[in-house]
Amino acid sequence: MDKLSQAQRELREMDALAAQDSPVHRLHPVCKLLVTVCYIATVVSFSKYDFTGLVVMVLYPVLMFQAAGIPVGTCFYKLRFVLPLVCAVGLANPLLDRTPMLRLGLVTITGGMISMVTLMLKGVFSLMASFLLIAATPMDSLCAALRKLHVPQVLTTLLLLTYRYIGVMLEEVTVMTEAYRLRAPGQKGIHISAWGSFLGQLLLRSMDRAQELYDSMLLRGFRGEFFYAHVPPFGGSGAVFCGVWAAAFLAARLVPIASVLGSFFMG
């Protein structure tokens with residue numbers, strides 16, 4: 001399977017994940033969005049040296065992945081190209097911060113090492129929470145939730161159209177790549193001399209396809225506002241979900257849970 005076909009397959013798999021039925025999928029999209037934002041804000045608020053406090057925050061994505069029936073490995077596989085970039089952000093910290101913080105035998109743990117791992121965990125946890133939101137909420141429902149929170153209409157429309165047009169772009173690239181292969185049998189990839197014309201043709205075909213899609217939207221009654229998925233009123237279960245997790249995040253931020261548990265088991 002080539003990369004284009006794999007990208008199309010993974011895009012369909014994301015839609016299939018969001019269409020599943022689980023307690024997490026049935027939650028109100030607004031409450032899932034609010035809890036995700038609250039979780040990411042809590043994660044990034046930890047000190048760069050507060051490794052033990054940050055580790056506790058892994059419980060939210062792990063528990064939610066289990067409740068949603070989505071393997072955690074699926075998240076890391078889908079984010080395999082982004083995770084190395086996130087983890088590479090703090091690689092220079094051990095060189096910049098050599099302050100000794102802890103000694104384990106002959107090994108000295110510096111502040112740069114701790115801040116590097118903490119920064120990596122912040123990025124990984126934030127990506128896991130964001131992926132969980134996308135994998136457990138259809139894009140229509142997510143855009144409807146954003147509109148409920150009074151996000152400007154133009155932003156939600158751009159988000160929805162961009163997400164939907166990715167598949168169309170992949171189809172156009174697949175067609176053009178297959179046509180190129182038929183005209184250049186045995187050649188691996190697209191020759192560098194054809195990159196300019198290939199991208200130009202892709203731009204022109206994309207503009208034509210976009211115009212056709214827009215005309216179809218107008219014929220179906222589009223007047224600048226999408227009729228998103230129906231979002232029911234924010235019920236009691238959604239309020240309880242938001243309240244419980246908000247309290248848990250606040251407790252994890254203010255109380256050194258890892259230290260308390262460690263002293264309890266050691267004492």
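Ring pairs join Tyr39, Tyr60, Trp245 and Phe249 into a cluster; rings of Phe, Tyr and Trp (its six-membered ring) pair if their centres lie within 6.5 Å. The model is predicted, so local features need pLDDT of at least 70 and side-chain atom pairs count only at pLDDT 80 or more, while totals for chains, interfaces and linings use all residues. Residues are numbered from 1 along each chain as its sequence is written, and side-chain values use heavy atoms, leaving out hydrogens and water.

**The aromatic cluster**

- The structure holds six aromatic pairs.
- Tyr60 and Trp245 form an edge-to-face pair, with 4.8 Å centre to centre and 80 degrees between the planes (planes under 30 degrees apart count as stacked, over 60 as edge-to-face and the rest as tilted).
- This pair links distant parts of the chain, with Tyr60 in helix H4 and Trp245 in helix H12, 185 residues apart (helices are DSSP runs of H or I, at least four residues, and strands are runs of E, at least two, numbered from the N terminus).
- Tyr60 is buried, with a relative accessible area of 4% (buried means under 20%, exposed over 50%, partly exposed in between, using a 1.4 Å probe and protein chains only).
- The rings of Tyr60 and Phe249 have centres 5.4 Å apart and planes at 85 degrees, so this pair is edge-to-face.

**The strand hairpin**

- Strands S1 (residues 100–104) and S2 (residues 107–110) pair in the antiparallel sense over four bridges (pairing needs at least two bridges found by DSSP).
- S1 and S2 form a hairpin with two residues between them, and Gly105 in the turn has a positive phi of about 70 degrees.
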